[in-house]
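Here's a quick briefing to read alongside the model. Have the sequence and the 3D view open as you go.

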Amino acid sequence: MAAKIRKGDKVVVLSGRDKGRTGEVFEVRPTDGTALVRGINMVRRHQKQTQNQEGGIISKEAPIDLSNIAYVGKDGKPTRVGFKIQADGKKVRIAKSSGAEIDG
């Protein structure tokens with residue numbers, strides 16, 4: 001299935017602890033059906049000291065399921081993502097609510 005949410009997209013969380021918060025996707029894991037969103041779903045982990053990283057308790061983003069996030073359109077509201085084949089045969093993502101083409 002084609003990727004409806006991609007790296008660099010601005011998304012809003014639909015359910016869970018961070019419901020209503022927005023952030024930017026910086027990693028998508030298609031095999032797991034999850035994504036990492038900057039500043040969302042933060043967890044604290046005990047990190048062992050390594051040669052290039054200090055040890056201690058660190059905060060980092062945990063994966064969030066793709067079904068729990070939605071693309072934020074140009075109007076600032078969450079929208080579903082669809083696909084459209086252009087006349088030249090190129091497949092592009094579109095916002096379902098407005099029909100606008102999504103850049104990227």
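This is a predicted model: local features need pLDDT of at least 70, side-chain atom pairs count only at pLDDT 80 or more; totals for chains, interfaces and linings use all residues.

Residues are numbered from 1 along each chain as its sequence is written, and side-chain values use heavy atoms, with hydrogens and water left out.

In short, the protein chain has 10 strands and zero helices, and three salt bridges come out of the count.

**Fold and dimensions**

- Reading along the sequence, you get β-β-β-β-β-β-β-β-β-β. Strands here are DSSP runs of E with at least two residues, helices are runs of H or I with at least four residues, and both are numbered from the N terminus.
- The radius of gyration of the protein chain is 16 Å, whereas a compact globule of 104 residues would sit near 13 Å. That radius is taken over C-alpha atoms, and the globule rule is 2.2 Å times the number of residues to the power 0.38.
- The C-alpha trace spans about 55 × 30 × 20 Å along its principal axes.
- Among contacts with a separation of 6 or more, 35% link residues 24 or more positions apart. A contact means heavy atoms within 4.5 Å.

**Surface and charge**

- Of the 104 residues in the protein chain, 30% are buried. Buried means under 20% relative accessible area, exposed over 50%, and partly exposed in between, with a 1.4 Å probe and protein chains only.
- The chain carries 21 positive and 12 negative charges, and their mean positions are 3 Å apart. Lys and Arg count as positive, Asp and Glu as negative, with His and the chain ends not counted. Each charge is placed at NZ of Lys, CZ of Arg, CG of Asp or CD of Glu.

**Salt bridges**

- The rule asks for a side-chain nitrogen of Lys or Arg within 4 Å of a carboxyl oxygen of Asp or Glu.
- Arginine 93 pairs with aspartate 9 at 2.8 Å, N to O. Arginine 93 belongs to strand β10 (residues 91-95) and aspartate 9 to the segment before β1 (10-13), so this pair ties together parts 84 residues apart in sequence. Both arginine 93 and aspartate 9 are buried.
- Arginine 21 and aspartate 18 form a salt bridge at 3.2 Å, N to O. Arginine 21 is partly exposed at 43% relative accessibility, whereas aspartate 18 is buried at 11%.
- In the pair of arginine 29 and glutamate 27, the closest N and O atoms are 3.0 Å apart. Arginine 29 is partly exposed at 29%, and glutamate 27 is also partly exposed, at 31%.

**Two residues of β4**

- Setting aside residues up to four places away in sequence, glutamine 47 touches Gln53, Glu54, Gly55, Gly56 and Ile58. Its C-alpha atom is 25 Å from that of glycine 23, which is 24 residues away along the chain.
- Valine 43 is also in strand β4. Beyond its neighbours within four places in sequence, valine 43 contacts Ile58, Ser59, Lys60 and Ala62.
- C-alpha to C-alpha, valine 43 and phenylalanine 26 are 16 Å apart in space and 17 residues apart in sequence.
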